[in-house]
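Hi,

Here is the structure I promised to pass on.

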Amino acid sequence: MEIDYRNGTAVSGLFLGPVAQGRRYGTESCRLRAAYARNHLGLRMLYSSGLDKNDRSRRMPEKTEFVKYGRKPKAVWRRGAFRDEMLFALDLSTLDADVCL
């Protein structure tokens, strides 16, 4: 996690290998990071990204209340081609109190 305390923001990401995929570890990890960032680090925003051709990478932030706010065209070289990077943001002040224990 890359943290900017002055502005109250952080960039957060996750990589799960094939064995851990599809077991909701990514979703749970994202929720826990958001709660920790808000309740213990005092942050106000989290940012994340995912490649456009990676369905799980795109869906996980949306399932955890991140909002897609942009796209970097041809930002990352993967598997022989440049891929677009999808950008997501989560306003931690809008999180449900039950999510942020």
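**Salt bridges**

The structure holds three salt bridges, a salt bridge being a side-chain nitrogen of Lys or Arg within 4 Å of a carboxyl oxygen of Asp or Glu. This is a predicted model, in which local features need pLDDT of at least 70, side-chain atom pairs count only at pLDDT 80 or more, and totals for chains, interfaces and linings use all residues. Residues are numbered from 1 along each chain as its sequence is written, and side-chain values use heavy atoms, with hydrogens and water left out.

Let's start with Asp52, whose side chain meets that of Arg71 at 3.8 Å, N to O. Asp52 sits in the loop between β3 (45-51) and α2 (55-63) and Arg71 in strand β4 (residues 67-78), so this pair ties together parts 19 residues apart in sequence. Helices (H or I, at least four residues) and strands (E, at least two) are DSSP runs, numbered from the N terminus.

Arg71 also forms a salt bridge with Asp84, with the closest N and O atoms 2.7 Å apart. Here strand β4 is linked to Asp84 in strand β5 (residues 81-91), 13 residues away.

Lys72 pairs with Glu85, at 3.8 Å between the closest N and O atoms. Lys72 is in strand β4 and Glu85 in strand β5, 13 residues apart.

And are these residues buried or exposed? Asp52 is buried, at 16% relative accessible area, while Arg71 is partly exposed at 42%. Buried means under 20%, exposed over 50%, and partly exposed in between (1.4 Å probe, protein chains only). Asp84 counts as buried at 15%.

Best wishes
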